[in-house]
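I opened a notebook page for this structure. My plan is to look things up one at a time and write down what I find.

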Number of protein chains: 2
Amino acid sequence: MNLPPLAQAFVLHFGEMGSRWGINRTVGQIYALLYVSPRPLNAEDIVDALGVSRSNVSMGLRELQAWNLVLPKHVPDDRRDHFTTPDDVWQILRTLAEERKKREVDPTLSVLRELLMQEPGNDADRHAQARMAAMHGMIESLTTWYDDVKRLESERLAALLALGARVTKLLEAKDRVVGLVRGKKEA
Amino acid sequence: MNLPPLAQAFVLHFGEMGSRWGINRTVGQIYALLYVSPRPLNAEDIVDALGVSRSNVSMGLRELQAWNLVLPKHVPDDRRDHFTTPDDVWQILRTLAEERKKREVDPTLSVLRELLMQEPGNDADRHAQARMAAMHGMIESLTTWYDDVKRLESERLAALLALGARVTKLLEAKDRVVGLVRGKKEA
DNA sequence: CAGTCATTTCAGAATTTTCTGAAAGTTAGG
DNA sequence: CCTAACTTTCAGAAAATTCTGAAATGACTG
């Protein structure tokens with residue numbers, strides 16, 4: 001590997017974290033490399049920078065494109081494919097959330113739905129189904145919320161996060177108002 | 001494996017999803033089994049239900065306890081250790097979020113902080129550092145928000161999610177009010 | 001404190017995942 | 001179409017992870 005020190009440390013870290021994030025070391029490193037690179041890189045550049053085989057880079061790029069984390073970017077007068085990462089970090093976050101949901105949550109949601117349709121044959125399954133219903137309800141709320149929030153543009157999303165749990169304060173205020181109105185009506 | 005059909009399907013699914021969730025098949029299955037079980041189970045119960053080795057169960061339980069997803073629960077007049085999962089699904093969500101943050105986000109945040117302290121030695125590293133700063137900022141907002149929200153009790157958290165992106169409406173309303181006040185002051 | 005029951009540890013077997021080099025496939029230009 | 005540049009595929013090697021059985025450890029009881 002042959003990179004400036006800070007870039008290298010970043011790339012190595014992403015390689016190490018890869019397995020915890022559900023990708024492999026090479027994929028993590030390729031992503032990190034493209035992320036800090038000032039210009040699109042071609043496969044050979046990546047081979048040189050990381051010291052892994054050409055075929056490994058090819059597979060890694062394929063996976064990253066499947067995740068929508070890396071985009072092909074045509075460079076004029078060069079036949080070779082070049083690649084970059086989108087540079088809006090909020091967009092990256094949205095992409096990551098979307099893809100992880102697709103891989104890690106959706107399959108479970110659909111299995112739960114299916115199992116909740118079935119008729120339990122005994123007490124054990126009746127209890128199991130009740131537990132599944134609880135889990136299903138929670139995941140459902142979570143994904144409904146997510147479907148709502150994912151549409152926010154970067155700036156608004158950042159604002160929402162900045163607000164933090166002070167949202168709760170707004171909620172409380174709203175509750176008070178609603179309570180007040182109800183009180184008046186009932187009075 | 002010897003379980004009622006719905007419980008079995010659930011357990012098998014968790015086993016399959018395990019690798020995507022960063023745990024192994026047995027760990028996924030043990031969790032699922034305890035989750036749907038109407039009472040705490042001991043290690044031998046788990047061996048019987050899942051058909052894996054005793055030692056594998058021991059290691060799996062250890063990992064699940066490290067994740068705080070499974071708790072030892074003493075059963076009177078029984079020498080053996082028994083285990084359960086907490087049953088509030090919102091509590092489970094909080095635990096999961098906390099542990100995944102600890103494993104998947106915190107190490108990166110600390111590496112980023114460290115690398116941002118260093119003096120870049122050339123233009124490439126200067127650019128790399130700028131990109132890292134962008135990523136750091138995004139993760140920081142995210143974790144600040146999370147630190148806020150994780151304190152909410154289950155009921156309030158559910159309410160927040162139920163509100164969804166309508167929070168944005170509140171934000172807009174707030175912006176309008178603030179704008180109004182500013183306008184008045186300036187007038 | 002010997003014996004039994006329960007749990008953990010750990011070395012190596014089994015399995016799965018990752019990575020490579022060679023071969024096949026694809027595309028643009030002559 | 002032929003060739004050269006580039007990319008992908010894929011079988012098997014290498015590495016990492018998961019799982020097991022045997023042995024060690026711990027802890028309660030008579």
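**Entry 1: a term I need.** I call a residue exposed when its relative accessible area is over 50%, buried when it is under 20%, and partly exposed in between. I also note that this is a predicted model.

Entry 2: I looked up Asp123(A). Its relative accessible area is 59%, so it is exposed. Asp123(A) forms a salt bridge with Arg126(A), and the closest N and O atoms are 3.3 Å apart. Is Arg126(A) buried or partly exposed? I found 43% relative accessibility, so Arg126(A) counts as partly exposed. An α-helix has 3.6 residues a turn, so residues three or four places apart point the same way.

**Entry 3: another salt bridge in chain A.** Next I checked Asp147(A). It forms a salt bridge with Lys150(A), with the closest N and O atoms 3.3 Å apart. Asp147(A) has 26% relative accessibility, so it is partly exposed. Lys150(A) is partly exposed too, at 25%. I then looked up the total. Over all chains, the structure holds 20 salt bridges.

**Entry 4: Arg94(A).** I found Arg94(A) in helix α5 of chain A. Its relative accessibility is 17%, so it counts as buried. Which residues does it touch, leaving aside neighbours within four places in sequence? I listed Asp88(A), Tyr146(A), Lys150(A), Leu152(A), Glu153(A), Ser154(A) and Leu157(A). Lys150(A) is the partner of Asp147(A) from my last entry. I also noted a polar contact of 3.0 Å between the side chains of Arg94(A) and Gln91(A). Then I checked a distance. Arg94(A) and Arg151(A) are 57 residues apart along the chain, and their C-alpha atoms are separated by 9.0 Å.

**Entry 5: how the two chains are related.** I turned to the pair of chains. A rotation of 180°, with 0.0 Å of shift along its axis, superposes chain A on chain B with an RMSD of 0.0 Å. The two copies are therefore related as by a two-fold rotation axis. Which C-alpha of chain A is nearest the axis? I found that of Gly22(A), 3.4 Å from the axis.

**Entry 6: where the chains meet.** I counted the residues in the contact: 60 from chain A and 60 from chain B. The area buried between the chains is about 5,600 Å², and carbon and sulfur atoms give 71% of it. Leu6(A), Arg131(A) and Trp145(A) supply 13% of the area that chain A buries against chain B, more than any other three residues. I also checked whether the copies use the same surface. Of the interface residues of chain A, 100% are also interface residues in chain B, so the copies meet through the same surface.

**Entry 7: contacts across the interface.** There are 18 residue pairs in polar contact between chain A and chain B. Which helix of chain A gives the most to the side that touches chain B? I found α6(A), with 15 residues. I picked one residue of helix α6 of chain A, Ala134(A). Ala134(A) has a relative accessible area of 29%, so it is partly exposed. Leaving aside neighbours within four places in sequence, Ala134(A) is in contact with Tyr35(B) and Val89(B).

Entry 8: How many salt bridges join chain A and chain B? I counted two. One of them joins the side chains of Glu104(A) and Arg100(B), at 3.2 Å from N to O. Arg100(B) also meets Glu104(B) in a salt bridge of 3.1 Å. Glu104(B) and Arg100(B) both lie in helix α5 of chain B, four residues apart, about one turn of the helix. Glu104(B) has a relative accessible area of 12%, so it is buried.

**Entry 9: helix α1 of chain A.** I checked its length last. Its 14 residues, 5-18, should span 20 Å at 1.5 Å a residue, and the end C-alpha atoms are 20 Å apart, which agrees. Its buried residues include Leu6(A), Phe10(A), Phe14(A) and Met17(A). The buried residues of α1(A) pack against α2 and α3 of chain A, together with α5 and α6 of chain B.

How values were computed: Residues numbered from 1 in each chain as written. Chains lettered and ligands numbered in written order. Predicted model: local features only at pLDDT ≥ 70, side-chain atom pairs only at ≥ 80, totals over all residues. Heavy atoms only, no water. Least-squares fit on C-alpha atoms with pLDDT ≥ 70 in both. Contact = heavy atoms within 4.5 Å. Helix = DSSP H or I, 4+ residues; strand = E, 2+ residues; numbered from the N terminus. Expected span 1.5 Å × (residues − 1). Buried < 20%, exposed > 50% of the residue type's maximum accessible area, 1.4 Å probe, protein only. Buried area = accessible area lost by both parts, 1.4 Å probe. Salt bridge = Lys/Arg side-chain N within 4 Å of Asp/Glu carboxyl O. Polar contact = N/O pair within 3.5 Å; in protein donor to acceptor, adjacent residues only side chain to side chain.
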